[in-house]
Structures are given as C-alpha cells and as structure tokens.
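Here are some notes to read with the model open beside you. Take them in order, or skip to whichever point you care about.

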Amino acid sequence: MISKYKLNNISKINFALLPTPLEKLTRLSNKYKIKMFMKRDDLTGHCFGGNKERKLEYIFADAISKKAKTIITVGTLQSNHCRMTSVFASKYNLKTELILIKNEQMSQTGGNYFLNKLSGANINIVNSDEVKDKINELISLHQKEGNNPYFI
C-alpha cells in the first residue's frame with residue numbers, strides 16, 4: 001500500500017469534482033443489519049469518469065511535466081479508459097492516438113467510440129495481434145514529428 005505521505009508528493013492535476021458522495025444503501029443495510037454505503041465515483045464530473053478520472057489526474061500531470069504533445073493508449077472499441085484519455089487530452093490541448101482492438105460484438109458507431117471522435121482523438125482500429133506493432137509505429141511517427149509521445 002502507498003502511504004498517504006508518498007501519494008501527496010506525486011504531482012497530479014485536479015480535474016475531478018471531489019470528494020464524491022457516499023450514498024447510504026438503506027434497504028441492504030436493513031436486510032443485512034449493517035451499515036452499507038456506495039461511493040458515487042460516477043459523479044466525478046466528466047463523462048462518468050470515476051476511477052479512470054482519478055488515475056488520469058496523475059498520469060496527465062506526468063505527461064505534461066515531460067512536455068508530451070501526444071498521448072497514445074490502447075483499449076477496446078468501447079473502452080472507458082480510452083474515452084477518458086481522449087477527454088483529458090482534449091482539455092489540455094494534447095493530440096490523442098487511440099489504438100482500439102477490433103471486436104465483432106462492439107459497435108464502431110455509438111457510445112465511447114462516438115465520444116472519442118467528438119473529443120478529437122485519432123482512432124486506429126487493429127486486431128489484437130497487431131497492437132504491439134501499432135504502438136511502436138505511432139511512437140516512432142510522433143517522435144519523428146517532434147510531438148514527444150507519451151504512452152499509457
């Protein structure tokens with residue numbers, strides 16, 4: 001476990017609307033005769049970010065401190081992590097390269113995929129066996145263009 005002292009010494013961006021509330025679960029509390037609560041991290045404020053928003057506050061602070069101009073990350077077509085990454089990158093005027101893994105059951109037109117496009121992310125759709133090559137290709141491309149890529 002990371003001590004609170006050490007965590008406070010790591011740079012972060014304060015993006016999430018914190019603290020999020022605890023909501024008492026009355027019926028479950030009554031049923032099991034214990035106090036039960038639910039942490040409402042869906043209320044962090046940005047595209048239903050939750051824990052992804054919390055982690056990206058630290059990751060983006062590091063990327064910005066390293067003068068990154070492009071963020072590169074990987075997920076599925078409807079990845080919440082990718083959606084939040086593209087939202088954060090847009091907020092801080094960083095380019096986003098998303099490497100999204102093909103999945104026949106997931107749509108390329110709705111949900112997170114649409115929000116990624118809306119936030120300006122460049123989307124690269126690949127098969128799972130092509131991910132590593134695409135990561136290397138994009139890092140190399142952005143290094144050559146002087147965009148100082150940051151890979152998550």
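1. First, some ground rules. This is a predicted model, in which local features need pLDDT of at least 70, side-chain atom pairs count only at pLDDT 80 or more, and totals for chains, interfaces and linings use all residues. Residues are numbered from 1 along each chain as its sequence is written, and side-chain values use heavy atoms, with hydrogens and water left out.

2. On to the layout. The protein has six helices and six strands, where helices (H or I, at least four residues) and strands (E, at least two) are DSSP runs numbered from the N terminus. Along the sequence they come in the pattern α-β-α-β-α-β-α-β-α-β-α-β. Of the 152 residues, 36% are buried; buried means under 20% relative accessible area, exposed over 50%, and partly exposed in between, using a 1.4 Å probe and protein chains only. If you take the contacts (heavy atoms within 4.5 Å) with a separation of 6 or more, 69% of them join residues 24 or more positions apart.

3. Now the inside. A nonpolar core here is a set of buried Ala, Val, Leu, Ile, Met, Phe, Trp, Tyr and Cys residues joined through side-chain atoms within 4.5 Å. The largest one has 13 residues, and Phe 60, Ile 71 and Phe 88 have the most contacts inside it. Helix H3 (51–65) and helix H4 (80–91) are the elements that give two or more residues to this core, and H3 supplies the largest share, four residues. There is also a second, separate core of seven residues, with Cys 82, Tyr 113, Ala 121 and Ile 123 among them.

4. Which residues does Phe 88 touch, leaving out those up to four places away in sequence? They are Phe 15, Glu 53, Leu 56, Glu 57 and Phe 60.

5. You'll find Ile 71 in strand E3 (residues 70–76), and its relative accessible area is 0%, so Ile 71 counts as buried. Not counting residues up to four places away in sequence, Ile 71 touches Phe 60, Ala 63, Thr 85, Ala 89, Leu 94, Lys 95, Thr 96, Glu 97, Tyr 150 and Ile 152. Ile 152 sits 81 residues from Ile 71 along the chain, yet their C-alpha atoms are separated by 7.3 Å.

6. Next, how do H3 and H4 pack? Their axes come within 10 Å and cross at roughly 50 degrees; axes are lines fitted to C-alpha atoms, for helices over the stretch in contact, and angles run from 0 to 180 degrees between N-to-C directions. That makes H3 oblique to H4, given that angles under 35 degrees count as roughly parallel, over 145 as roughly antiparallel, 65 to 115 as roughly perpendicular and the rest as oblique. On the H3 side you have Lys 52, Glu 53, Lys 55, Leu 56, Glu 57 and Phe 60, meeting Asn 80, His 81, Met 84, Thr 85, Phe 88 and Ala 89 in H4. By class, the residues of this contact split into five nonpolar, three polar and four charged. Here Ala, Val, Leu, Ile, Met, Phe, Trp, Tyr, Cys and Pro count as nonpolar, Asp, Glu, Lys and Arg as charged, and the others, Gly among them, as polar.

7. H4 also packs against helix H5 (residues 111–118), at an angle of about 20 degrees and with the axes 9 Å apart. H4 and H5 are therefore roughly parallel to each other. Asn 80, Cys 82, Arg 83 and Ser 86 of H4 make the contact with Asn 112, Leu 115 and Asn 116 of H5. This contact has two nonpolar, four polar and one charged residues.

8. Lys 67, in the loop between H3 and E3, has a positive phi of about 60 degrees although it is not a glycine. Its relative accessibility is 64%, so Lys 67 counts as exposed. Asn 93 is not a glycine either, and has a positive phi of about 55 degrees. Asn 93 lies in the loop between H4 and strand E4 (95–101), and is exposed at 70% relative accessibility.

9. Last, Leu 18. Leu 18 is in the loop between helix H1 (4–8) and strand E1 (22–24) and is partly exposed, at 37% relative accessible area. Beyond its neighbours within four places in sequence, Leu 18 is in contact with Thr 44, Arg 54 and Glu 57.
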